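Hi there,

Here is the structure I promised to send over. Have a look at it first, and my notes follow below.

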Amino acid sequence: MLRKRIIFSLIYSDGYFMQSRNFRLQKVGDLIWLEKNYKFQSIAFSLDELIVLNASRTEKNINEFALTVSNLVNDVFIPIAAGGGIRSEEDAKILFNHGADKIVLNSVLVENPKLVESLIGRYGTQSIVASIDYKNLEGVNYAYIHDGSVKLDMTLEEYISYVVSLNVGEIYLNSIEKDGTGFGYDFDVISVLEKEIKLPL
């Protein structure tokens, strides 16, 4: 069994960091606020990884986001995964050049699998994290893309099988209903999936 990891996630949108609840965003502060309240240089020793996601609802500015990632990773010696709005190899290159150790992909997994294949060929499976969002509708879990706004015509299980076939390195699973509620993870789903998939979850 793969060991448990402590992964700290940050949600970024249009220059600010956000609190997310059911994928609805509330502004909490900018980079200065974050550095004042979260000393990553100190708490990084207690973490295994940091994930930074660009959830901007307007057009995602990859260069602005990359600069934020670069400021975050300064003197933080844990793996950094960054994503949100990656639509080309150049977008991925920008994030890697600004300190990301891995990139997080979501919508392009289904909209542009050729790009996923190309990124894996260039950077390796271990550098690609598949972010999968899902919601339960009438007892069935369905996958969503575009920041949880577009439902796919695939159940969660079907979508995960498809994503695994792309040869990604890890799966970052997000329950839209559990997100930010403070009531814990969707362990019923997790307990099933961890037996069925071999990738880090």
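The buried residues of helix 7 are covered by several elements, including helix 5 (108-111), strand 7 (128-137), strand 8 (140-145), strand 9 (150-155), strand 10 and helix 8 (187-196). Contact here means heavy atoms within 4.5 Å. Helices (H or I, at least four residues) and strands (E, at least two) are DSSP runs, numbered from the N terminus.

Before the rest, a word on what you are looking at. This is a predicted model, in which local features need pLDDT of at least 70 and side-chain atom pairs count only at pLDDT 80 or more, while totals for chains, interfaces and linings use all residues. Residues are numbered from 1 along each chain as its sequence is written, and side-chain values use heavy atoms, with hydrogens and water left out.

Back to helix 7 (residues 156-165): which of its residues are buried? They are Leu 156, Tyr 159, Ile 160 and Val 163, where buried means under 20% relative accessible area, exposed over 50%, and partly exposed in between (1.4 Å probe, protein chains only). Seen down the helix axis, these buried residues fall within an arc of 100°, so they line one face of helix 7; the arc is that of the directions from the helix axis to the C-beta atoms. In general, an α-helix has 3.6 residues a turn, so residues three or four places apart point the same way. Ser 161 and Ser 165 are exposed on the other side of helix 7. After helix 7 comes Asn 167, with a positive phi near 75°.

Now the charged pairs. There are 7 salt bridges, each being a side-chain nitrogen of Lys or Arg within 4 Å of a carboxyl oxygen of Asp or Glu. Three of them may interest you:

- Glu 170 and Lys 102 meet at 2.5 Å, N to O. Glu 170 lies in strand 10 (residues 170-175) and Lys 102 in strand 6 (residues 102-105), so the pair ties together parts that are 68 residues apart in sequence. Both Glu 170 and Lys 102 are buried.
- Glu 49 pairs with Arg 5, their closest N and O atoms being 3.1 Å apart. This links distant parts of the chain, 44 residues apart: Glu 49 is in strand 4 (residues 49-54) and Arg 5 in the segment before strand 1. Glu 49 is buried at 2% relative accessible area, whereas Arg 5 is partly exposed at 31%.
- Glu 89 and Arg 122 meet at 3.0 Å, N to O. Glu 89 belongs to helix 4 (residues 89-97) and Arg 122 to helix 6 (residues 113-123), so parts 33 residues apart in sequence are tied together. Glu 89 is partly exposed at 28%, and so is Arg 122 at 46%.

Arg 5, Glu 49, Lys 102 and Glu 170 are linked in a network of salt bridges.

Finally, some loop residues. Asp 14 sits in the loop between strand 1 (7-13) and strand 2 (16-21) and is partly exposed, at 38%. Phe 23 sits in the loop between strand 2 and strand 3 (24-29) and is buried, at 16%. Tyr 38, in the loop between helix 1 (31-37) and helix 2 (40-43), is partly exposed at 34%.

Best wishes
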